[in-house]
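Here is a short briefing to read with the model open beside you.

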Amino acid sequence: MTTANTIWLGIGFLGQFLFTSRFLVQWIASERAKRSVVPLAFWWFSLAGGATLLAYAIWRRDPVFAIGQASGLAIYIRNLMLIGRGARRGQAA
């Protein structure tokens, strides 16, 4: 295995770890609140994991994986924008 392959394999595992972390964050937050909660960290882990996995998918030249990750990124970014907009409205009130 070449050094480049080893680095990209590490990037792929890092992306998967970040993406999986979002579920752990959501689960812990929900258990603490005793109700379903989607904390802000869920969206940041989604964005970081999705972007890292997209880079890995592009390196692998896997169009199915790349399109799936790219479409998810749009959703994660939009949710962060909506959360930011809501926070700004709350500060103005």
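Predicted model: local features only at pLDDT ≥ 70, side-chain atom pairs only at ≥ 80, totals over all residues.

A residue counts as buried under 20% relative accessible area, as exposed over 50%, and as partly exposed in between. The mean pLDDT of the protein is 92, and 98% of its residues reach 70 or more.

**Confidence along the chain**

- Helix 2, which covers residues 40-60, has the highest confidence in the protein, with a mean of 96.
- Helix 3, which covers residues 63-92, has the lowest, with a mean of 90.

**The nonpolar core**

- The largest nonpolar core is made of 11 residues, among them Phe19, Phe42, Trp43, Leu54, Ala66 and Leu73.
- Helix 2 and helix 3 each supply at least two residues of this core, and helix 2 gives the most, with 6 residues.
- Leucine 54, one of the core residues, is found in helix 2.
- Is leucine 54 buried or exposed? Its relative accessible area is 17%, which is under the 20% cut-off, so leucine 54 is buried.
- Setting aside residues up to four places away in sequence, leucine 54 touches Ala66, Gln69, Ala70 and Leu73.
- Leucine 54 and alanine 66 are 12 residues apart along the chain, and their C-alpha atoms are separated by 5.3 Å.
- Phenylalanine 42 also belongs to the core; beyond residues up to four places away in sequence, phenylalanine 42 touches Arg22, Val25 and Gln26.

- Which residues form a nonpolar patch on the surface? They are Met1, Leu9 and Phe13, and together they have about 380 Å² of accessible area.
- Leucine 9, one of the patch residues, lies in helix 1, which runs over residues 3-33.
- Leucine 9 has a relative accessibility of 32%, between the 20% and 50% cut-offs, and therefore counts as partly exposed.
- Serine 30 is found in helix 1 too, but with a relative accessible area of 13% serine 30 is buried, because that value is under 20%.
- Leaving out residues up to four places away in sequence, serine 30 touches Arg35, Ser36 and Val37.

- Most residues other than glycine have a negative phi. With that in mind, here are two residues to look up in the model.
- Lysine 34 is not a glycine, yet has a positive phi of about 60°.
- Where is lysine 34 found? Lysine 34 is in the loop between helix 1 and helix 2.
- At 71% relative accessibility, which is over 50%, lysine 34 counts as exposed.
- Arginine 61 is not a glycine either, and has a positive phi of about 60°.
- The loop between helix 2 and helix 3 is the place of arginine 61.
- Arginine 61 has a relative accessible area of 75%, so arginine 61 is exposed.

**Along helix 3**

- Isoleucine 77 lies in helix 3. Between isoleucine 77 and alanine 4 there are 73 residues of separation in sequence and 29 Å in space, C-alpha to C-alpha.
- Isoleucine 83 has its place in helix 3 as well. With a relative accessible area of 37%, isoleucine 83 is partly exposed.
- What does isoleucine 83 touch, not counting residues up to four places away in sequence? The contacts of isoleucine 83 are Leu40 and Trp43, and Trp43 is one of the core residues.
- Isoleucine 83 and alanine 48 are 35 residues apart along the chain, and their C-alpha atoms are separated by 17 Å.
- Glutamine 91 is found in helix 3. Its relative accessibility is 67%, over the 50% cut-off, and so glutamine 91 counts as exposed.
- The C-alpha atoms of glutamine 91 and arginine 35 are separated by 26 Å, with the two residues 56 apart along the chain.

Key
Residues numbered from 1 in each chain as written. Heavy atoms only, no water. pLDDT = per-residue confidence, 0-100. Helix = DSSP H or I, 4+ residues; strand = E, 2+ residues; numbered from the N terminus. Core = buried A, V, L, I, M, F, W, Y, C linked by side-chain atoms within 4.5 Å. Buried < 20%, exposed > 50% of the residue type's maximum accessible area, 1.4 Å probe, protein only. Contact = heavy atoms within 4.5 Å. Patch = residues over 30% accessible without salt bridge, like charges linked within 9 Å, V, L, I, M, F, W, Y side chains within 5 Å. Areas by Shrake-Rupley, 256 points an atom, 1.4 Å probe, with all protein chains shown as cover. Salt bridge = Lys/Arg side-chain N within 4 Å of Asp/Glu carboxyl O.
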